[in-house]
Amino acid sequence: MLIKFQNHIEQNFPQLKDKKLLLAVSCGIDSMVLMHLFQQLNYDIAIAHCNFQLRGKESDGDEMLVKEICQDGYIPYFIESFDTEKYSRDNKLSIQLAARKLRYDWFQELLSENQLDYLVTAHHLDDTIETFLINFIRGTGLEGLTGIPAENGKIIRPLLPFSREEIEHYATENKVQWREDSSNASDKYVRNKLRHNIVPTLKELNTGFLESFQNTLYHLQQAKSLVEDATHLVYERVVAKSEQQLKIDLELLLQYPNYKAYLYQWLKEYGFTSWDDIYDLVQAQSGKQVFSETHILLKDRTILQLYPKIKLDEQTIYKIEKEQTNLNFPLNLSFSKAVNISLNVNRIIFVDVDKVQFPLELRKWYKGDYFYPAGMNGKKKLSKYFKDEKYSLLDKENQWLLCSNDQIVWVIGKRADNRYIAHESTQQILKIELK
């Protein structure tokens, strides 16, 4: 196994040569074999061990063995104890998810603080089979059936091609010390039920099951790659992306019979779960919306617009004092005295200083806002103005207003208010420009 492991590392992870590696070692057979293999190949390693304090003296015994082996082998090591049960309660997570978050957050700190290049974990082929089956049972897309990634950023999993049987044989042959986690004997967890009952049956039904599974996994990964390529090509044709939003052209999207699959691939990272509602949105009337925790998907005529939620209670009002000449955030506005006026245009207005009250305010719109649009007689509700100008929901939320004493002076970049614009007889003229 050592030679096979060495060839695998050199062929698939050449970047590990001469790098500093942090090995996640639990004291179980998999991670202890991983440590032994890297020791034999003389890689520059350090060990990270988590004591989750879930098994009393057994957990402490694991910690002691890791510490002894590292000290005997002059291997740098890091050990951290966690109150996992408290963290689980406080954060409303299962014990398994709590332990996972605690250890990976700590691993990332160690990498950063100690100038270590990669985190190496001991996931192996049987772990991949179990993960495949768990995802299959719970229901999943193609991604859930393509196995544990061998490389994910700074996380490397070099034991994935190796079975539990190979690892156990290596441990016995090389007298590797390890400790069995007593919780692995329990069928309390789904993974253990699969490990003890389902996977052995599959291996019994097909003596070449591991090889067959690896072949199937390879074909699934190739299919996933094809899906990603197609998703990207259609995205380039159908979706317009800006810093704050996506715009999906429905007329172009509906040219593809499998448009639902593309929507899923594009939108899954934004936290949506109500996929039937999203698919229905394609044919819904304009103005319908679907929400995730962080984003809104809006049907706007022939467009689906995706944009982040704006929390109204977090809106800020920006003050502009009388002598101020510039505002750089959230818009770039300039203020200057003017002797003459020209036509008010979208990006420049001329204001009668004697009619406004300082400080001016920059804010978003409120329900009930109205103004007197320049060039028109009488007042108009801002909501009606938005409707007449065919504003989308996102356009409304992105529209800034310049106000005096909470009255609209300028729908910025769009229309000035008749009450405040300067005329030929105006004594003090303020030129305001949207850069």
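What order do the strands of the open sheet with β12 have, and is their pairing parallel or antiparallel? I find five strands in the order β12-β16-β19-β20-β21, with antiparallel pairing. I note at the outset that this is a predicted model, in which local features need pLDDT of at least 70 and side-chain atom pairs count only at pLDDT 80 or more, while totals for chains, interfaces and linings use all residues. Residues are numbered from 1 along each chain as its sequence is written, and side-chain values use heavy atoms, with hydrogens and water left out.

For terms, I take helices (H or I, at least four residues) and strands (E, at least two) as DSSP runs numbered from the N terminus, and I call two strands paired if DSSP finds at least two bridges between them.

**Entry: the sheet from β12 to β21.** β12 (318–320) and β21 (415–416) stand at the edges with a single partner strand each, so one side of each is left without a neighbour in the sheet. Within this sheet I looked up β19 (residues 401–404) and β20 (residues 407–411), which run antiparallel and are joined by four bridges; the bridge partner of C403 in β20 is I408.

**Entry: the sheet from β7 to β9.** A further open sheet of five strands has the order β7-β8-β11-β10-β9, again with antiparallel pairing. Its edge strands are β7 (239–241) and β9 (289–291), each of which pairs on one side only. The twist averages 15 degrees from one strand to the next; axes here are lines fitted to C-alpha atoms, for helices over the stretch in contact, and angles run from 0 to 180 degrees between N-to-C directions. Strand β8 (residues 246–249) runs antiparallel to β11 (residues 303–308) and is joined to β11 by four bridges, with D249 standing opposite I303 in β11.

Which helices pack on this sheet? Helix α9 (residues 209–238) packs on the sheet and touches β7 and β8, its direction making about 75 degrees with that of β7. Helix α11 (residues 259–267) also packs on the sheet, touching β7, β8, β10 (295–300) and β11, and its direction makes about 175 degrees with that of β8. I use contact for heavy atoms within 4.5 Å.

**Entry: α9 against α11.** The two helices pack at an angle of about 90 degrees, with their axes 10 Å apart. That makes α9 roughly perpendicular to α11 (angles under 35 degrees count as roughly parallel, over 145 as roughly antiparallel, 65 to 115 as roughly perpendicular and the rest as oblique). On the α9 side I list V227, A230, T231, V234, Y235 and V238, and on the α11 side Y262, Q265 and W266. By class the contact has seven nonpolar, two polar and no charged residues, where Ala, Val, Leu, Ile, Met, Phe, Trp, Tyr, Cys and Pro count as nonpolar, Asp, Glu, Lys and Arg as charged, and the others, Gly among them, as polar.

**Entry: α4 against α5.** Helix α4 (residues 84–91) and helix α5 (residues 95–113) pack at an angle of about 105 degrees, with their axes 9 Å apart, and are therefore roughly perpendicular to each other. T84, E85, Y87 and S88 of α4 meet I95, A98, A99, K101 and L102 of α5, and these residues divide into five nonpolar, two polar and two charged. In the loop between α4 and α5 I find K92, whose phi is near 55 degrees, a positive value in a residue other than glycine.

**Entry: strand β22 and its partners.** Strand β14 (residues 333–338) is joined by six bridges to β22 (residues 429–434), and the two run antiparallel; F335 stands opposite I432 in β22. Strand β15 (residues 348–352) pairs with β22 over five bridges, also in the antiparallel sense, and I348 stands opposite E433.

Entry: The peptide bond from F358 to P359 is cis, with omega near 0 degrees, and P359 lies in the loop between β15 and β16 (360–363). R195 is found in helix α8 (residues 190–205); leaving aside its neighbours within four places in sequence, R195 is in contact with D127, E130, R164, N184 and P200.
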